[in-house]
Amino acid sequence: MKVSAPKILILYASYGEGHVQAARAIMDSLRRLGHCEVQLLDLMAESHPWLNGLTKFVYMQSFKTIPQLYGWVYNITRGMQAKSAFGHVLHSFGMRQLALTLKKELPDLVIHTFPQLALPALRRKMGMNLPIVNVVTDFDLHGRWLHPDIDRYYVATEDLQQEAAQRGIPIERIAATGIPIHASFYNLSVNEPPDQQQVIPPLQAETTTLLIMAGAYGVLSGILDICHHLSQLPQLRLLIVCGRNQQLKAELDALYADHPDIYTYGFVDYVPALMRASSLVITKPGGITLSESIASGLPILVFKPVPGQELNNALYLQQKGAARIARTTEELIQHCLDLISTPSLAKEMKQAIELLRKPHPADQIAEDILQQLVDKRTSVRTN
């Protein structure tokens with residue numbers, strides 16, 4: 001009897017790019033390693049489109065205008081319990097849409113890359129024997145991710161594994177795989193630029209390449225001022241990724257049209273190649289971009305991290321010696337000069353990064369999930 005391909009449903013959210021990038025990385029690995037049928041569902045967008053649009057707007061604006069308030073809310077709720085009144089409200093959104101999807105698709109397993117956990121209660125209500133796994137996409141652990149009815153957790157580090165265990169999750173359910181990122185950060189032949197020499201010109205002798213990642217929406221704080229100061233440093237090449245912020249790219253193109261060592265990019269799919277061409281990176285501290293930088297072995301500079309998960313991510317990596325945080329432009333420029341002029345400092349950061357680096361996290365997660373499904377089918381047959 002032929003065994004059908006496993007059907008996997010991945011639930012994500014479109015608040016920023018990280019959650020969907022993690023979902024796609026896992027999807028690619030599941031399809032390649034297990035020939036799985038994989039469906040992605042933005043649960044909030046599908047179930048509450050108006051509320052999704054409003055909350056996305058508030059989320060983005062809070063980063064720009066009231067970051068302290070956002071950080072306060074994040075940190076005061078960080079220790080929340082899934083079955084508290086607040087947890088019940090947060091995890092109630094999307095239940096009807098999810099029920100319809102489950103009845104239609106009949107998945108063998110569901111993955112969360114965003115902590116909108118309507119499924120545990122829905123699973124009990126529908127009487128389903130459906131494995132649920134959470135993929136935590138930050139180096140910080142908010143209580144929204146933790147629920148006693150989740151079958152498996154995949155986290156960035158052993159520190160998060162221990163923290164989740166201390167907060168009541170059985171440690172045998174938690175795997176420290178790293179945050180899933182695209183396979184091209186490990187496979188040099190994937191997603192290279194169509195014309196490598198034109199997009200990333202060969203490096204001149206004695207020149208350092210600094211990559212600036214402005215974020216998917218190009219909202220890195222003070223980026224024009226940063227570029228102004230860095231453009232005046234000798235023997236420094238800047239690669240600036242503006243994401244979907246076309247206005248920012250146009251401004252930079254106009255300012256530095258005649259500068260021989262400044263290259264600007266919009267939203268690109270060859271970030272791995274840009275990182276491989278660079279010596280260090282300035283970035284927003286989202287979990288995915290930090291993981292990409294770690295996979296690429298790049299010393300990380302974080303500028304004015306927003307309170308909440310981004311600041312907590314940055315503080316964790318700074319504590320580990322893999323990143324430096326700057327809260328002023330002057331401090332950021334000094335960090336750049338220190339790392340460029342003192343190779344031993346960059347070497348120390350790279351050694352710290354290597355300790356955090358996880359090989360092929362998306363593949364690790366996919367292989368573990370596939371083994372779970374094999375074990376489940378074996379159990380069903382023997383019973």
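User: Is Asp151 buried, exposed or partly exposed, and what is its relative accessible area?

Analyst: Buried means under 20% relative accessible area, exposed over 50%, and partly exposed in between, using a 1.4 Å probe and protein chains only. Asp151 is partly exposed because its relative accessible area is 32%. This is a predicted model, in which local features need pLDDT of at least 70 and side-chain atom pairs count only at pLDDT 80 or more, while totals for chains, interfaces and linings use all residues. Residues are numbered from 1 along each chain as its sequence is written, and side-chain values use heavy atoms, with hydrogens and water left out.

User: Which residue meets Asp151 in a salt bridge?

Analyst: Side chains of opposite charge can pair when their charged atoms come close. A salt bridge is a side-chain nitrogen of Lys or Arg within 4 Å of a carboxyl oxygen of Asp or Glu. Here the partner of Asp151 is Arg123, at 2.9 Å from N to O. Helices (H or I, at least four residues) and strands (E, at least two) are DSSP runs, numbered from the N terminus. Arg123 counts as buried, because its relative accessibility is 13%.

User: How many salt bridges does the structure hold?

Analyst: The structure holds 14 salt bridges. One of them joins Lys358 and Glu158, at 2.5 Å from N to O. This pair links distant parts of the chain, 200 residues apart: Lys358 belongs to the loop between helix H16 (343-356) and helix H17 (361-382), and Glu158 to helix H8. Lys358 is buried at 15% relative accessibility, while Glu158 is partly exposed at 41%. Within it, the closest N and O atoms of Glu163 and Arg78 are 2.9 Å apart.

User: Which residues does Leu117 touch?

Analyst: Contact means heavy atoms within 4.5 Å. Not counting residues up to four places away in sequence, Leu117 touches His91, His112, Asn134, Arg144, Trp145 and His147. Leu117 is located in the loop between strand E3 (109-112) and helix H7 (119-126). With a relative accessible area of 2%, Leu117 is buried.

User: In what order do the six strands of the open sheet stand?

Analyst: Two strands pair if DSSP finds at least two bridges between them. The order in this open sheet is E9-E8-E7-E10-E11-E12, with parallel pairing. Strand E9 (262-265) and strand E12 (323-326) are the edges, each pairing on one side only. For angles, axes are lines fitted to C-alpha atoms, for helices over the stretch in contact, and the angles run from 0 to 180 degrees between N-to-C directions. Neighbouring strands of the sheet are turned by 20° against each other on average, direction ignored. Strand E7 (residues 208-213) and strand E10 (residues 280-283) are joined by four bridges, and Leu211 stands opposite Val281 in E10.

User: Which strands does helix H15 lie across?

Analyst: Helix H15 (residues 329-341) lies across E7, strand E8 (236-241), E10, strand E11 (300-303) and E12, and runs at about 150° to E12.
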